[in-house]
Amino acid sequence: KLLLEGIAITLAEVIAIHESYWTLYAGVKSYANQLKSEWRKNNGWVLNGTGRPVCVDPGYLKDLVSRVVQSTGHDILMIYSEIVSKNLDASGIEWYPVIADFHDQILFEVDGHNVDKAWEIVQEGFTELNQELAKDASPVVVLSGSGGIVANLAVAKCG
């Protein structure tokens, strides 16, 4: 594949890159091994980062870290969505969810004259989200995000 892209490296260089990657990210392998032990102990499930059980079929054990990370991220998105929804309602802004959960984002519609206030609520939501996540966790990874004000879904997804 690399040669097809015009990148000529030797097999020895490929092996060295691969080994360097796993040296740099040895913690990922260690975490994967911990999860597999937990999975075996629990007869097929592990807890994700928010404490929700995630069942994993034996055929998908190679994706165990990804499943835990993805499910944790989704749970955090749901918490953030609840915060933003609650704060939009409290502000009195008329808003409509376009797609309440679009993999890694929330999309909603407001009238043009409410855009600035809605944007402020979206940004302030991260502070509230981090406070919520910090209640039960230590150490805490502070989360942030980016967003945009767009005219339609096509612009949101395609730029």
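W95 is buried, at 18% relative accessible area (buried is under 20%, exposed over 50%, partly exposed in between, with a 1.4 Å probe and protein chains only). F108 is partly exposed, at 23%. The ring centres of W95 and F108 are 5.8 Å apart and the planes meet at 80°, so the pair is edge-to-face (rings of Phe, Tyr and Trp, the last by its six-membered ring, pair if their centres lie within 6.5 Å; planes under 30 degrees apart are stacked, over 60 edge-to-face, the rest tilted). W95 belongs to strand β3 (residues 95-99) and F108 to strand β4 (residues 107-110), so the pair ties together parts 13 residues apart in sequence. Strands (E, at least two residues) and helices (H or I, at least four) are DSSP runs numbered from the N terminus.

## Basis of the values

This is a predicted model, in which local features need pLDDT of at least 70 and side-chain atom pairs count only at pLDDT 80 or more, while totals for chains, interfaces and linings use all residues. Residues are numbered from 1 along each chain as its sequence is written, and side-chain values use heavy atoms, with hydrogens and water left out.

## Other aromatic features

The whole structure holds 4 aromatic pairs. One of them, Y21 with Y25, is tilted, at 4.9 Å centre to centre and 45° between the planes. Y21 is partly exposed at 42%, and Y25 is likewise partly exposed at 39%. Ring pairs join Y21, W22 and Y25 into a cluster.

K29 lies over the face of W22, 4.7 Å from the ring centre, and the charged end of R67 sits over the ring of Y60 at 4.5 Å from its centre. The criterion is NZ of Lys or CZ of Arg within 6 Å of the ring centre and within 35 degrees of the ring normal.

## Nonpolar cores

A nonpolar core is a set of buried Ala, Val, Leu, Ile, Met, Phe, Trp, Tyr and Cys residues joined through side-chain atoms within 4.5 Å. The largest has 17 residues, and those with the most contacts inside it are Y80, V84, L88, I93, V110 and L129. Helices α3 (64-91) and α4 are the elements that give two or more residues to this core, with α4 giving the most, 7 residues. A second, separate core of 10 residues includes L35, V46, L64 and V65.

## E132 in helix α4

E132 is placed in helix α4 (residues 115-134) and is partly exposed, at 36%. The side chain of E132 makes a polar contact of 2.9 Å with the side chain of K135.

Definitions and conventions: A polar contact is a pair of N or O atoms within 3.5 Å; within protein, one must be able to donate a hydrogen and the other to accept it, and residues adjacent in sequence count only if both atoms are side-chain atoms.
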